[in-house]
Number of protein chains: 4
Amino acid sequence: MPLLDETATGVFVIAVTPFTETGALDLESTDRMVDFYLEKGATGLTVLGMMGEAPKLTAEESALVVRRVLARVAGRVPVVVGVSAPGFAPMKELSDQVMQAGAAGVMVAPPSHLRTDDQIFSYFETAAEMLGSTPFVLQDFPQATSVQISPGVINRIVKACPTCVMLKHEDWPGLNKITAIRAASDRGDTRRISILCGNGGIFLTEELSRGADGAMTGFAYPEMMVDVCRAHQRGDHARAQDLFDAYLPLVRYELQPNLGLLIRKYTLAKRGVIASAALRKPAGRLSPQDIAETERLIARQEARLKALG
Amino acid sequence: MPLLDETATGVFVIAVTPFTETGALDLESTDRMVDFYLEKGATGLTVLGMMGEAPKLTAEESALVVRRVLARVAGRVPVVVGVSAPGFAPMKELSDQVMQAGAAGVMVAPPSHLRTDDQIFSYFETAAEMLGSTPFVLQDFPQATSVQISPGVINRIVKACPTCVMLKHEDWPGLNKITAIRAASDRGDTRRISILCGNGGIFLTEELSRGADGAMTGFAYPEMMVDVCRAHQRGDHARAQDLFDAYLPLVRYELQPNLGLLIRKYTLAKRGVIASAALRKPAGRLSPQDIAETERLIARQEARLKALG
Amino acid sequence: MPLLDETATGVFVIAVTPFTETGALDLESTDRMVDFYLEKGATGLTVLGMMGEAPKLTAEESALVVRRVLARVAGRVPVVVGVSAPGFAPMKELSDQVMQAGAAGVMVAPPSHLRTDDQIFSYFETAAEMLGSTPFVLQDFPQATSVQISPGVINRIVKACPTCVMLKHEDWPGLNKITAIRAASDRGDTRRISILCGNGGIFLTEELSRGADGAMTGFAYPEMMVDVCRAHQRGDHARAQDLFDAYLPLVRYELQPNLGLLIRKYTLAKRGVIASAALRKPAGRLSPQDIAETERLIARQEARLKALG
Amino acid sequence: MPLLDETATGVFVIAVTPFTETGALDLESTDRMVDFYLEKGATGLTVLGMMGEAPKLTAEESALVVRRVLARVAGRVPVVVGVSAPGFAPMKELSDQVMQAGAAGVMVAPPSHLRTDDQIFSYFETAAEMLGSTPFVLQDFPQATSVQISPGVINRIVKACPTCVMLKHEDWPGLNKITAIRAASDRGDTRRISILCGNGGIFLTEELSRGADGAMTGFAYPEMMVDVCRAHQRGDHARAQDLFDAYLPLVRYELQPNLGLLIRKYTLAKRGVIASAALRKPAGRLSPQDIAETERLIARQEARLKALG
């Protein structure tokens with residue numbers, strides 16, 4: 001499998017981890033999910049991310065999920081694996097293991113105690129050194145990590161670490177950060193890396209206009225992101241925006257912290273992708289009202305897409 | 001002026017504080033803004049809130065703004081004043097001053113160091129005692145305050161403090177919190193208080209369905225909130241949702257932390273409400289791209305509203 | 001090996017994890033360390049704690065360290081193993097594994113996103129359910145976890161979970177919390193559990209007076225804690241305080257966040273307990289001034305202990 | 001009154017704000033407190049600091065306290081006034097007011113949302129611009145503000161802002177930060193500014209050895225800090241450390257967050273300095289055990305000082 005590099009574009013779907021009602025890994029649903037994402041146009045997959053309930057898996061289960069996904073993907077698209085960990089030894093262990101198994105790269109988010117520019121830079125410099133030749137995605141997600149990384153620090157990391165090939169951008173607000181990073185590479189100050197965006201896609205059209213190469217997020221309708229990216233790429237911005245607007249009410253609803261993953265899995269189960277909407281403990285649950293609202297939003301979304309043609 | 005009580009409904013607009021380009025108070029724009037909000041159907045106004053740049057005003061300026069707004073409102077709708085402060089003495093001083101001047105009530109957010117249920121309850125119990133007979137709004141906004149208040153604690157406060165007449169609800173996700181609080185008063189466990197919702201209105205239709213009485217937020221198109229609330233009240237949920245959806249792309253865009261207030265003031269200036277979009281220092285500024293995106297969203301919004309009829 | 005229960009007293013030393021200069025596990029030093037702690041009077045050991053660099057170990061290394069310590073201890077004192085994890089599945093896996101291998105109990109700290117009383121209670125209720133019959137220590141360390149647990153919530157957990165047999169108390173300030181918890185069991189409201197205290201022992205004499213049963217912390221001179229506890233137990237409070245005061249300057253110095261573990265390992269290496277003072281990456285390093293200050297404090301401490309007799 | 005400059009040394013006591021039992025300002029105690037601090041050797045005073053309960057005062061009360069202290073000091077030592085505020089307008093208003101009244105300088109802590117190096121630098125650059133020619137103290141207190149300022153950022157601020165004349169250093173651990181800042185000025189990279197240290201003095205001897213010029217903190221025995229600084233200055237490091245060690249048990253006890261100020265005021269009341277130990281609401285209260293422990297520590301401290309001679 002070719003390694004991840006700076007040319008990556010399109011939609012890398014953040015995969016959920018399917019469980020049975022009793023909390024066991026559901027590997028058949030995992031296969032079906034891979035097929036679903038690829039049919040919908042995913043250009044890559046990301047597993048063991050925050051929305052993949054990675055911290056709830058044992059080390060053995062993590063390895064099992066990765067191997068299963070890789071086997072099913074069978075080289076059709078690159079697979080990125082989240083390897084964030086408080087220490088470098090478990091990070092390196094998992095990284096080496098999954099690269100050996102055929103992953104295209106790994107993703108690293110900073111631990112939440114980092115504050116100053118130098119602390120953040122040093123962390124990624126050391127991580128890159130530990131990971132060796134493995135290409136990595138820098139995950140910039142301050143709402144989850146509490147770590148604020150300035151464009152200047154991202155540029156320093158890109159310069160110092162040739163294996164940093166992608167930014168998973170989900171700072172919020174972060175549109176001007178994309179603009180600043182692209183300006184730096186346009187000026188020739190830094191390498192141009194791939195930028196894929198998160199936050200459920202809620203700023204996707206603006207992000208693409210600012211220079212992002214696509215999305216890396218897990219909204220339960222990956223075809224929204226695929227179609228928006230394609231419309232944008234062929235210059236049909238109005239169509240991109242119309243499509244985006246049609247899905248926006250549900251994108252917004254799915255973006256509720258904690259509740260969001262329940263809604264996403266509910267929708268994926270409803271769509272027949274996974275057998276059960278269950279999260280592994282600790283997990284909340286949807287109320288009847290949550291479900292009714294989700295259903296209503298899906299129904300309206302379908303009507304609107306139909307009207308849109 | 002009658003005092004705020006549990007029957008308040010509709011839209012209390014969170015007023016911005018207009019400044020001139022050089023950062024001075026712009027009182028003429030303040031008058032125009034009051035007129036604008038009332039013309040659009042506001043049933044109340046809230047001044048000196050977080051989005052009113054309250055902490056940037058001197059004590060004298062705060063008093064001046066409140067008096068100016070009260071004079072212009074001239075009793076047509078109730079005015080709520082934000083009085084949150086780290087200590088009770090300045091809170092009480094400002095509260096007494098504005099109630100004397102004709103405010104209908106005050107709003108109190110918890111200081112960010114509160115954590116346990118008892119700490120939160122005690123804080124509001126003491127605040128209520130200090131405020132005397134002044135009715136107050138409990139502001140529940142964890143994303144800004146870091147304080148998480150469970151429905152049970154809100155109910156304890158409502159029971160213990162007869163002057164707590166309204167919840168400004170902006171927990172996120174918070175829909176099930178509304179449901180839980182309404183269930184408690186439906187069961188007769190607590191008084192039924194008014195619930196007005198924030199977060200720029202981004203969950204407004206769902207919040208109304210869960211039992212909220214309206215909105216208290218500052219989106220630059222208050223007519224959206226007014227029209228959605230009215231459609232909801234007359235039972236026309238489809239119309240409420242259609243209206244909401246038409247404004248949603250801009251609601252979402254305005255919800256960007258820090259940037260959001262710049263966008264809101266830009267829009268209000270564009271609409272002729274305030275003379276300058278300037279924030280007082282410390283303040284960021286909109287980039288050319290931010291402005292272009294805002295303009296594009298407004299243009300699309302207008303087209304869609306026209307199509308909607 | 002008997003299981004941990006509510007009668008535990010004395011000093012459970014929080015063990016460091018010895019590494020070689022190149023960051024490999026140093027198992028010979030681990031043996032020597034166990035012998036050292038026991039010779040100094042430890043009544044228990046705690047491994048894989050925060051100060052044991054647990055998150056830096058791979059799953060396999062964690063298991064290896066636990067087995068090595070258990071083999072060397074050979075049943076002479078109970079061994080507690082830190083099993084805190086973001087998800088219950090890895091927590092349960094490690095717990096079952098170490099209990100199988102002969103550990104006396106496990107220790108659980110709450111994940112940092114917990115805020116309300118009910119959230120905290122539910123977390124421990126579910127953790128206890130997952131851990132089955134394994135006795136566990138509730139670690140209350142708000143400075144590290146950001147989770148503030150009121151005495152009332154601790155009492156709820158103790159009532160609901162018979163396997164919660166010990167509190168590792170390191171709230172700061174927390175003396176009145178000990179008093180409140182002891183008052184509850186004195187009144188017969190709750191079971192009396194063991195309370196061992198942390199924070200490097202910096203409040204040890206006061207904690208014992210408030211009703212704590214001893215210490216669970218890792219100061220590089222465990223004989224301080226042992227001797228203070230023994231003096232306290234035989235009612236010689238003046239001697240306990242004199243001893244404490246003699247060590248206090250170094251206790252204080254070792255309590256510097258991040259730097260503290262470097263100082264502790266430096267001291268243990270100087271005392272011949274471990275071969276290398278190295279921490280595994282990510283790790284800071286002591287400056288020449290840090291080392292000079294440590295040496296000076298140790299020299300003064302020895303002189304003062306000699307004078308004390 | 002001469003303005004504060006880079007040559008300041010010795011002990012600037014962080015003054016408490018004395019209240020009566022009912023929470024009113026106690027201006028007679030304020031006078032007595034000023035006399036007490038000066039008799040004990042203070043080389044400066046700092047009012048309206050965090051430990052001065054500044055946020056609990058109304059704007060008018062703040063002005064009253066400052067004027068009263070300035071009148072009593074009557075130019076004998078410089079008085080610094082805390083002016084930290086979320087907005088620059090109230091900061092500037094208070095600063096101009098107190099400088100007019102005779103203060104020697106002001107103190108500014110960063111607001112807690114600042115994270116990146118550039119955000120912190122810009123904040124102080126703008127603050128300095130707003131404050132005009134008024135000399136200011138940069139308060140570096142991450143435990144209270146959550147803002148981590150690297151030595152490099154402090155150096156940038158010192159270079160860009162000629163009115164930044166002093167660092168109130170209370171990072172913890174922060175000894176190597178003092179070393180780094182002194183190294184920069186020794187190399188000629190920056191102006192040498194005054195460094196006075198906080199945290200109740202718990203690292204005072206080490207801080208002086210690292211190049212600090214003294215202390216700015218409020219321990220209830222300011223003579224400790226004065227005598228330690230004097231002994232250090234005349235090169236008698238053993239005496240400095242002996243004195244420090246004698247007070248350390250109480251320094252440590254007074255350093256408990258929240259509780260600390262209650263203990264400090266209790267001690268000052270016991271020493272006859274202030275009439276009442278009361279804090280203004282919101283405030284906790286000392287338990288009987290807290291008081292007994294404080295009394296015991298004071299008694300032991302006196303015995304030890306006597307033995308020390």
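Trainee: So buried means under 20% relative accessible area, exposed over 50% and partly exposed in between (1.4 Å probe, protein chains only). Where does R68(C) fall: buried, exposed or partly exposed?

Mentor: R68(C) is partly exposed, because its relative accessible area is 30%. Keep in mind that this is a predicted model, where local features need pLDDT of at least 70, side-chain atom pairs count only at pLDDT 80 or more, and totals for chains, interfaces and linings use all residues. Residues are numbered from 1 along each chain as written, chains are lettered from A and ligands numbered from 1 in written order, and side-chain values use heavy atoms, without hydrogens or water.

Trainee: Got it. Which helix is R68(C) in?

Mentor: R68(C) belongs to helix α2 of chain C, residues 59–73. Helices (H or I, at least four residues) and strands (E, at least two) are DSSP runs numbered from the N terminus.

Trainee: And what does R68(C) touch, apart from its neighbours within four places in sequence?

Mentor: Counting heavy atoms within 4.5 Å as contact, R68(C) meets L27(C), E28(C), T30(C) and D31(C). R304(C) is another story: its C-alpha is 36 Å from that of R68(C), and the two residues are 236 places apart along the chain.

Trainee: Which residues of α2(C) are buried?

Mentor: That set is E61(C), S62(C), A63(C), V65(C), V66(C), V69(C), L70(C) and V73(C). The elements covering these buried residues include α3 (88–101) of chain A, along with α1 (27–39), β2 (44–47), β3 (79–82) and α3 (88–101) of chain C.

Trainee: New topic. How are the strands of chain A arranged?

Mentor: Eight of them form a closed barrel in the order β1-β2-β3-β4-β5-β6-β7-β8, with parallel pairing. Strands pair if DSSP finds at least two bridges between them.

Trainee: How many bridges join β1(A) to β8(A)?

Mentor: Four, and the two strands run parallel. Within that pair, V11(A) stands opposite A215(A) of β8(A).

Trainee: What about chain B?

Mentor: Chain B also has eight strands closing into a barrel, β1-β2-β3-β4-β5-β6-β7-β8, paired in parallel. There, β7 (194–197) and β8 (214–217) are joined by two bridges, and C197(B) has A215(B) as its bridge partner in β8(B).

Trainee: Last one: is α9(A) mostly covered or mostly open?

Mentor: Mostly covered, with nine of its twelve residues buried. Among them are P222(A), M225(A), C229(A) and H232(A). The buried residues of α9(A) pack against β1 (10–14), α1 (27–39), α8 (204–210), β8 (214–217) and α10 (237–254) of chain A. Just after α9(A), G235(A) has a positive phi of about 85 degrees.
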